[in-house]
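Subject: Handover of a structure for your study

Dear colleague,

Please find below the structure that I am handing over to you.

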Amino acid sequence: MSKAALVKKILILTANPKDTGKLRLDEEVREVQTGLDRAKRRDQFEIISRWAVRADDLRRALLDFEPQIVHFSGHGTGEEGLALENESGQAKLVPTDALANLFGLFNGKIECVLMNACYSEAQAEAIHQHVDHVVGMSKAIGDRAAIKFAVGFYDALGAGRSFEDAYRFGCSAIDFEDLKQRLIPVLKTRKKIISEENLPLYAAKDANQGSGGRALSIVLERPEGQVSLSSQFYVERPPIEQDCYEAISQPGALIRVKAARQMGKTSLMTRTLNHGVAQGYRAVPIYFQEADGEVFNNLEQFLQWFCATITEELGLVDEVTEFWARGSLGSKRKCTNYFQQRLLAEVDHPLVLGLDEVDLIFQHLKIAQDFFALLRTWHERGKNEPIWQKLRLVIVHSKEVYIPLDMHQSPFNVGLPIGLPEFNLAQVKDLAERHGLTMADSDIQDLMRMVGGHPYLVRVALYELARQRITLPRLLQIAPTEEGPYNDHLRRHLENLRKKPDLIQSIQQVIHSAAPVQIRADEAFQLSSMGLVKMQGNAVIPLCELYRQYFRDRLRTRL
């Protein structure tokens, strides 16, 4: 093969129409070029730049240069498309479907597309069906952060790293510039080719063959925390995602996501917020774990932290202290005024708030009663007042709401309730294939007999199998023991039970019975909220055999 055939062409396309905000596109191209010029594998890349790109220019450049990497810098508008230029230099939106169809004509030839444009994840998702690696931006990204991402991305490519690694290096480069923007770039990846000798256990060497007789596999991800937007390991549970996407588009929407820990609540919240961003909305996730302990000392301090956090995430000037100094209105009224006059009035599009793990607020009764009543009031105002219709809420919690709330002041009996079910057999099989595993239905059934369809427990098992560190029979043997991969997970549940002695007798009844057991309703709800049991009519059974065996060994004495 000739040396020229080994060179990857990077086609950089830029567009900054006259009627859009000024971008530092020349600096971006210059820094990318400088970085590749100094790279140890600089001879393997050729940069081709085209400025003030129109739709015809895009199509012709792809035909003329046949690039392996396409880089677009400019403005994005979410679902509506990318902003190219018309003959007069004004903005002309290219629809997402049109872009996807164009890239479909180059299927198998373009290896990577990087769209360094605000709100371009919708285009990344569409193009991804034709291109193995596509990067888009989930929301607005600052000029400097966009440049840093591009430089980090191409520095890694110039050093011989993979597209996945290049994406990570790009995000790392943002870390040093603006930590809060590092999650904005999103990578969409498809299966990649690996050599046959690296096939994981259970992968059928005759199935899913790629070119040259090599099998398809995937870059593994350690199963911990939420599943990132760019991950291939997020499994949809229809119609839940679509229900959330449709609900969040409604004025004054409120979605309540309740499930036990590690069932995928935060991952669903993130995708719902991201869907809103793709529609042009502003989205702010609030993680109450980030709040310092003193924030929960009193309602005033909590509401000020709440408002200040959202203000910072939106990039607005913080005027919380000034608002709270005005007059003698109570904290709830001041918070409402701040939202209406400072936050909702400042954003031109709907504002989606994701409130994650609100269980932490349940521990502070006075704050919880007033805060949740406030959320309910805002939701009710959104039924009639246009400015409050901008506010959309996604509330995420694990526990049943045991705190006393007046039914007319609670946000937990309105809006769209979402419960997250376990994976079914087809979903577990799909997830196994995403891990590069080809497992017989009988093997999947054996696995599900042990861990059920619990998303986290299933992912841990498939991750360990795909790493070829253990066989399925051995995994099932040690799963409910301290030697197994669920050691920390099981110990956490055990410690939580020991903090609630009144539940121990109930869980003992459940794990020692072969049939569903009826226990007190409040205890059934608590055990279910902890994720240890599931309901069958008015009775309960262990969530999975893993829990039955582990707690049977640890809680030997019946009370």
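**Hairpin and strand S3**

In the hairpin formed by S3 and S4, five residues lie between the strands, and Gly 78 takes a positive phi near 80 degrees. Before going further, please note that this is a predicted model, in which local features need pLDDT of at least 70 and side-chain atom pairs count only at pLDDT 80 or more, while totals for chains, interfaces and linings use all residues. Residues are numbered from 1 along each chain as its sequence is written, and side-chain values use heavy atoms, with hydrogens and water left out.

The names of the elements follow DSSP: helices are runs of H or I of at least four residues, strands are runs of E of at least two, and both are numbered from the N terminus. Two strands are said to pair if DSSP finds at least two bridges between them. In general, strands of a sheet pair through backbone hydrogen bonds, either parallel or antiparallel.

Strand S3 (residues 69-76) pairs with S4 (residues 82-85) in the antiparallel sense over two bridges, and His 75 stands opposite Ala 83 in S4. Strand S1 (residues 8-14) runs parallel to S3 and is joined to it by five bridges; here Ile 10 has Ile 69 as its bridge partner. Strand S6 (residues 112-117) also pairs with S3, in the parallel sense and over six bridges, with Asn 116 as the bridge partner of Ser 73.

How many of the residues of S3 are buried? Eight of the eight are, so S3 is largely enclosed by the rest of the structure. Buried means under 20% relative accessible area, exposed means over 50%, and partly exposed lies in between (1.4 Å probe, protein chains only).

**Helices H2 and H6**

The axes of helix H2 (residues 25-37) and helix H6 (residues 143-158) come within 9 Å and cross at roughly 20 degrees. Axes are lines fitted to C-alpha atoms, for helices over the stretch in contact, and angles run from 0 to 180 degrees between N-to-C directions. H2 and H6 are therefore roughly parallel to each other; angles under 35 degrees count as roughly parallel, over 145 as roughly antiparallel, 65 to 115 as roughly perpendicular and the rest as oblique.

Residues of H2 that meet H6 include Glu 27, Val 32 and Leu 36, and those on the H6 side include Arg 144, Ile 147 and Tyr 154. Contact means heavy atoms within 4.5 Å. The residues of the contact of H2 with H6 comprise six nonpolar, two polar and five charged. In this count Ala, Val, Leu, Ile, Met, Phe, Trp, Tyr, Cys and Pro are nonpolar, Asp, Glu, Lys and Arg are charged, and the others, Gly among them, are polar.

**The five-stranded sheet**

An open sheet of five strands has the order S12-S13-S14-S11-S15, with parallel pairing. Strand S12 (282-287) and strand S15 (416-419) stand at the edges with a single partner strand each, so one side of each is left without a neighbour in the sheet. From one strand to the next, the twist averages 15 degrees.

Strand S11 (residues 254-258) pairs with S15 in the parallel sense over four bridges, and the bridge partner of Val 257 in S15 is Ile 418. Helix H8 (residues 240-248) packs on the sheet, where it touches S11, S13, S14 and S15, and its direction makes about 155 degrees with that of S15. Helix H10 (residues 299-314) lies across S12 and S13, running at about 135 degrees to S12.

**Loops and individual residues**

Pro 238 and Pro 239 are joined by a cis peptide bond, with omega about 5 degrees. Pro 239 is placed in the loop between strand S10 (216-217) and H8.

Glu 357, in the loop between S13 and helix H13 (359-362), has a positive phi near 55 degrees although it is a residue other than glycine. Gln 468, in the loop between H18 and helix H19 (472-478), is not a glycine either and has a positive phi of about 65 degrees. Glu 357 is buried, with a relative accessible area of 17%, whereas Gln 468 is partly exposed, at 39%.

Met 448 lies in helix H17 and counts as buried at 18% relative accessibility. Leaving aside residues up to four places away in sequence, Met 448 touches Phe 423, Asn 424, Leu 425, Val 428 and Gly 453.

A colleague
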